[in-house]
Amino acid sequence: MADRIILQVTRYRPEDEAQPTFREYEVPCPKEWVVLDGLNYVKDHLDGTLSHRWSCRMGICGSCGMTVNGEPKLTCATFLSDYAPGPVRVEPLANFPIIRDLVVEIGDFMQKLAHVKPWIIRQEEKPLSEGEYQQTPEELDAYKQYSMCINCMLCYAACPVYGLDPKFLGPAAIALAQRYNLDSRDQGEKERMELLSQHEGIWGCTFVGDCTKACPKNVDPAGAIQRYKLKAALAWLKDIFVPRGAK
Amino acid sequence: MTRRSLEPLLWLLFSAGGVLSALFLPVLLLLFGLALPLGWLPPPSHARLIAVLGNPLTGLVLFLLCLLSLFHFAHRFRYTLYDGLQIKHLNELINLFCYGAAIVGSVVAVYLLWNVP
């Protein structure tokens with residue numbers, strides 16, 4: 001295996017350039033190096049002006065998502081040697097506006113995330129003296145998969161619907177809403193249903209399924225959305241056919 | 001909840017149509033498109049088939065299969081036109097064409113099934 005590899009990295013400095021361009025850097029390629037190691041090598045040794053986001057290096061923080069050879073990836077979990085002999089093209093996450101180099105504007109996602117109320121909602125909090133809310137292992141399993149989301153936005157970069165219509169609530173936000181809907185301690189499903197059952201919510205999804213393929217934590221947002229569609233559709237039928245008093 | 005939107009109903013039809021057409025259409029096509037015409041299976045007599053078709057239950061099952069498969073097509077084709085060709089601004093025309101075709105197809109199915117001699 002070659003001991004070096006070429007990275008083709010998106011550079012965009014809005015004060016100097018009208019359009020993003022590519023720049024090539026040759027970096028070492030030991031077998032334990034991930035794409036992020038390559039980028040950090042560029043930043044430390046070749047070109048200190050490169051801007052990219054990263055933090056934990058271990059697939060937890062969700063900040064180092066980028067497009068690697070056309071696919072949305074966590075760069076801390078994507079090995080350079082898998083792309084040998086290269087070159088490896090590193091671009092910012094698709095479907096988001098670029099701020100600088102590999103850094104994208106994530107305000108839209110952050111707003112959508114808060115919009116679906118991803119926290120436990122109780123009609124009435126019980127007093128501390130009554131102790132914690134208990135949960136069986138089965139009740140935990142009902143939502144655990146969806147709680148693995150690290151908000152890395154790879155699913156948004158993978159979603160063609162979000163690419164075409166930025167109003168679409170998007171995979172992670174809906175999956176996280178489901179994470180709380182399915183939590184036995186939560187009582188906020190009705191509030192979230194109002195938001196999720198709008199056209200920009202679940203109905204915008206056409207079940208392409210790329211979000212689930214892109215997810216580095218096996219959350220399966222596509223599955224969450226389809227399950228929720230069934231639930232919302234049955235609620236819609238119930239609304240029409242069950243008289244008000246009987247509910 | 002957007003109660004006036006028909007999207008949940010259209011999705012239910014799409015979803016049910018997807019399941020039913022995936023399960024039953026290949027069986028029907030294999031039987032009546034290949035196995036019987038090519039003589040892989042001994043074909044039932046014409047009179048017998050007409051008698052089976054004349055049973056209201058058979059008619060109902062075939063009608064539902066046609067209706068749901070057509071609505072499955074309509075919904076999927078609508079979004080294919082929306083996103084694939086990116087002509088979502090023509091949505092009223094597209095909806096009319098897709099769901100209209102499904103309704104017309106279903107009416108034709110009723111007509112044919114009703115008029116089994």
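This is a predicted model: local features need pLDDT of at least 70, side-chain atom pairs count only at pLDDT 80 or more; totals for chains, interfaces and linings use all residues.

Biologist: Which residue in strand 5 of chain A is the bridge partner of A:Val68?

Modeller: That's A:Val90. Strand 3 of chain A has another neighbour too: 4 bridges join it to strand 4 of chain A, and the two run antiparallel. In that pairing, A:Met66 has A:Lys73 in strand 4 of chain A as its bridge partner.

Biologist: How many residues sit between strand 3 and strand 4 of chain A?

Modeller: There are 2, and the two strands form a hairpin. In the turn, A:Asn69 has a positive phi of about 45°.

Biologist: What about strand 1 of chain A? In which sense does it pair with strand 5 of chain A, parallel or antiparallel?

Modeller: Parallel, over 3 bridges, with strand 5 covering residues 88-91. Two partners to look for in strand 5 of chain A are A:Val88, across from A:Leu7, and A:Arg89, across from A:Gln8. Strand 1 (residues 4-11) of chain A also runs antiparallel to strand 2 (residues 21-28) of chain A, joined by 8 bridges. There, A:Leu7 stands opposite A:Tyr25.

Biologist: And the side chains in a strand, where do they go?

Modeller: As a general idea, side chains in a regular strand alternate between the two faces of the sheet.

Biologist: Let's go back to A:Val90. Which residues does A:Val90 touch, leaving out those up to four places away in sequence?

Modeller: Among them are A:Leu7, A:Val9, A:Val35, A:Leu39, A:Met66, A:Val68 and A:Leu102. A:Val90 also belongs to the largest nonpolar core, which has 77 residues. Along with A:Met153, A:Leu154, A:Cys155, A:Ile174 and A:Leu176, A:Val90 touches the most other members of that core.

Biologist: Which helix gives the most residues to this core?

Modeller: Helix 3 (residues 56-84) of chain B, with 8 residues.

Biologist: And why does the core lie between domain 1 and domain 2 of chain A?

Modeller: Because domain 1 (4-104) and domain 2 (107-246) of chain A both give residues to this core.

Biologist: How far apart are the C-alpha centres of those two domains of chain A?

Modeller: They lie 31 Å apart. The contact takes 12 residues from domain 1 and 12 residues from domain 2 of chain A. On the side of domain 1 that touches domain 2, strand 3 (65-68) and strand 4 (71-74) of chain A each supply at least two residues. By class, that side of domain 1 of chain A has 7 nonpolar, 5 polar and no charged residues.

Biologist: Now a helix, please. What's the general idea there?

Modeller: An α-helix has 3.6 residues a turn, so residues three or four places apart point the same way.

Biologist: Take helix 6 of chain A. How many of its residues are buried?

Modeller: Helix 6 (residues 171-181) of chain A has 11 of its 11 residues buried.

Biologist: How do I read the contact between the two chains?

Modeller: Count the residues on each side: here, 15 come from chain A and 11 from chain B. Helix 5 (160-164), helix 7 (189-196) and helix 9 (221-241) of chain A each supply at least two residues of chain A's side. The largest share of that side, 5 residues, comes from helix 9 of chain A. Sorted by class, chain A's side has 8 nonpolar, 4 polar and 3 charged residues.

Biologist: What scores does the predictor give the complex?

Modeller: An ipTM of 0.78 and a pTM of 0.87. Chain B averages a pLDDT of 90, and 97% of its residues score at least 70.

Biologist: How many helices and strands does chain A have?

Modeller: Chain A has 9 helices and 7 strands. Of its 247 residues, 38% count as buried.

Note on methods:
Residues are numbered from 1 along each chain as its sequence is written. Chains are lettered from A and ligands numbered from 1 in the order in which they are written. A nonpolar core is a set of buried Ala, Val, Leu, Ile, Met, Phe, Trp, Tyr and Cys residues joined through C-beta atoms within 7 Å. A residue is buried if 20 or more other C-beta atoms lie within 10 Å of its own, exposed if 12 or fewer, and partly exposed in between; C-beta atoms are placed from the backbone. Domain bounds come from an automatic or database domain assignment. Two residues are in contact if their C-beta atoms, placed from the backbone, lie within 7 Å. Ala, Val, Leu, Ile, Met, Phe, Trp, Tyr, Cys and Pro count as nonpolar, Asp, Glu, Lys and Arg as charged, and the others, Gly among them, as polar. pLDDT is the predictor's confidence in each residue, from 0 to 100. Two strands pair if DSSP finds at least two bridges between them.
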